[in-house]
Amino acid sequence: MATASSTATASSTPMARARRADREAVLYRMVGDEHTCPYGLKSKDLLEREGFDVDDRPLRTREEIDAFKGEHGVETTPQIFIGGERVGGYEALRERVGRAIDAEDETSYRPVVAIFAVAFAMALAASWATFGELLSVRTLEWFVALVVCILAIQKLQDLESFSTMFLSYDLLARRVVRYGYVYPFLEAMGGVLMIAGALTWLAAPVMLFIGGIGAVSVFKAVYVDRRELKCACVGGSSNVPLGFVSLTENLAMIAMALWMLAK
């Protein structure tokens, strides 16, 4: 049977001390009266969630920050040390603990998934508030219309960037450059009228026009020319790859326009 002294001795062995040191982190981060570094807060939160004992050392003045940077030869804060070894900043910490790090130019469908999920939830809520049921014909109509409106908002946030990316594949925009600037306004107008179920004679042709040209343009760029481009569908700064999602967006606008005309 192990005695208290033998247990204490075992816990103080070099290997045990090394294991403890590997779970001890020192965090230097900027904490000022007017600004607290958000990456310092993220680093502290991540370390605690990963089970580290955090020795939090705020740098509260410019003199303290400059002295720390000079002493350790670094240009930014926060800085994390684990087991006496400097790990680096927040991104380096994420890599150290095995968390995913998105490359700056890495493509991702997350913006599209977020937009579609929120739009569907909004459509369900509108249907419940209006008809007392979650699923109805209007639920699907509102879903498509809300997606169109949200995508238009994404484009209108930075019209210049959107039009530049749009010109890389849209057939009409490459002939009439101003179409790239007008497109988001047409999309927003069509979506709003679809939500209201009003002015079908205007909304349906507009959606059919921009959706048809968009579908042909995407199909040619991706499936005929085999070009690898980023989609302007969620704005000019997105990393969504041009392909199935953008084609689906345009086909949905075409389908909705035909449905509105058929009604």
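## Contacts along the chain

In this predicted model, 63% of the contacts in the protein chain with a separation of 6 or more are between residues 24 or more positions apart.

## Composition and burial

The protein chain contains 12 helices and 4 strands. Its length is 263 residues, and 41% of them count as buried.

## Helix α12

Helix α12 covers residues 244-262, a run of 19 residues. From its first C-alpha to its last it reaches 26 Å, which is close to the 27 Å expected at 1.5 Å a residue.

The buried residues of α12 are V245, S246, L247, E249, N250, M253, I254, M256, A257 and M260. These buried residues pack against four partners: α6 (110-131), α7 (137-156), α10 (179-196) and α11 (200-224).

## The packing of α6 and α7

Two of the helices against which α12 packs, α6 and α7, also pack with each other, at an angle of about 135° and with their axes 8 Å apart. Angles over 145 degrees would count as roughly antiparallel and those from 65 to 115 as roughly perpendicular; α6 and α7 are therefore oblique to each other. Their crossing is right-handed.

On the α6 side, the contact is made by I115, F116, A119, F120, M122, A123, L124, A126, S127, T130 and F131. The residues contributed by α7 are R138, T139, W142, F143, L146, V147, I150, L151 and Q154. Classified by type, the contact of α6 with α7 comprises 15 nonpolar, 4 polar and 1 charged residues.

Key. Residues numbered from 1 in each chain as written. Predicted model: local features only at pLDDT ≥ 70, side-chain atom pairs only at ≥ 80, totals over all residues. Heavy atoms only, no water. Expected span 1.5 Å × (residues − 1). Buried < 20%, exposed > 50% of the residue type's maximum accessible area, 1.4 Å probe, protein only. Contact = heavy atoms within 4.5 Å. Axes fitted to C-alpha atoms, helices over the stretch in contact; angles between N-to-C directions. Parallel < 35°, antiparallel > 145°, perpendicular 65-115°, else oblique. Left-handed = near helix turned anticlockwise from the far one by under 90°. Nonpolar A, V, L, I, M, F, W, Y, C, P; charged D, E, K, R; others polar.
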